[in-house]
Amino acid sequence: MASKITGGRSLQAALRKLPIDIKTGVAQAVAQAGAVIYADALAAAPGPEHPYATGELKRKLRLMISRNGLQARVGSWGKRRARHIHLVEFGAAPHDIRMSDGGVIHHPGAPAQPFLFPAYRRHRAQSVKLIRAAVNEALSRAAARQGGKS
């Protein structure tokens, strides 16, 4: 889930212009915040204790950090994604599954077992605080560097 923060695009543009050594702290804060959310979601995801769980969801849950280090993403995507992640997180209503041989299987539905959004919500405030402090430090260092170049 992407977090909406006002001025995010202009802040990213400003951070991109900063030297690598200055924005490293921000990238580390983003990675640290993402890792905490990932670890919590992984621990909370249904595992072998659930009668129908195969462990695929936990195996395919990933933390991805963008190339510039300014974005973290937790989930399952791509060709090797856990295709049922949304059904576990949000549940499924009873429905019929049509088979290729013409038969129909009635699926009774499944209750929601949220694990990803609760992990995000539990750590959002602390993550924002951590990243905000790193951004402020990066901008202070950049200002100090600019001030020294009279």
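Keep in mind that the model is predicted. The hairpin is built from strands E1 and E2, Ser76 sits in the loop between E2 and helix H4, and Ala39 belongs to helix H2.

**The hairpin**
- Strand E1 covers residues 62–65 and strand E2 covers residues 72–75; the two pair up antiparallel, with 4 bridges.
- Between E1 and E2 there are 6 residues, and Gly69, in the turn, has a positive phi of about 80°.
- If you want a spot to start looking, find Leu63, which stands opposite Val74 in E2.
- As a rule, side chains in a regular strand alternate between the two faces of the sheet.

- Ser76 counts as buried because its relative accessibility is 12%, and the cut-off for buried is under 20%.
- A polar atom of the Ser76 side chain lies 3.2 Å from the backbone oxygen of Lys60.
- There's also a polar atom of that Ser76 side chain 2.7 Å from the backbone nitrogen of Ala82.
- Leaving aside residues up to four places away in sequence, Ser76 touches Lys60, Arg81, Ala82 and Ile85.

- With 43% relative accessibility, Ala39 counts as partly exposed.
- Ala39 and Val74 are 35 residues apart along the chain, and 9.7 Å separates their C-alpha atoms.

Notes
Residues numbered from 1 in each chain as written. Predicted model: local features only at pLDDT ≥ 70, side-chain atom pairs only at ≥ 80, totals over all residues. Heavy atoms only, no water. Pairing = 2+ DSSP bridges. Buried < 20%, exposed > 50% of the residue type's maximum accessible area, 1.4 Å probe, protein only. Polar contact = N/O pair within 3.5 Å; in protein donor to acceptor, adjacent residues only side chain to side chain. Contact = heavy atoms within 4.5 Å.
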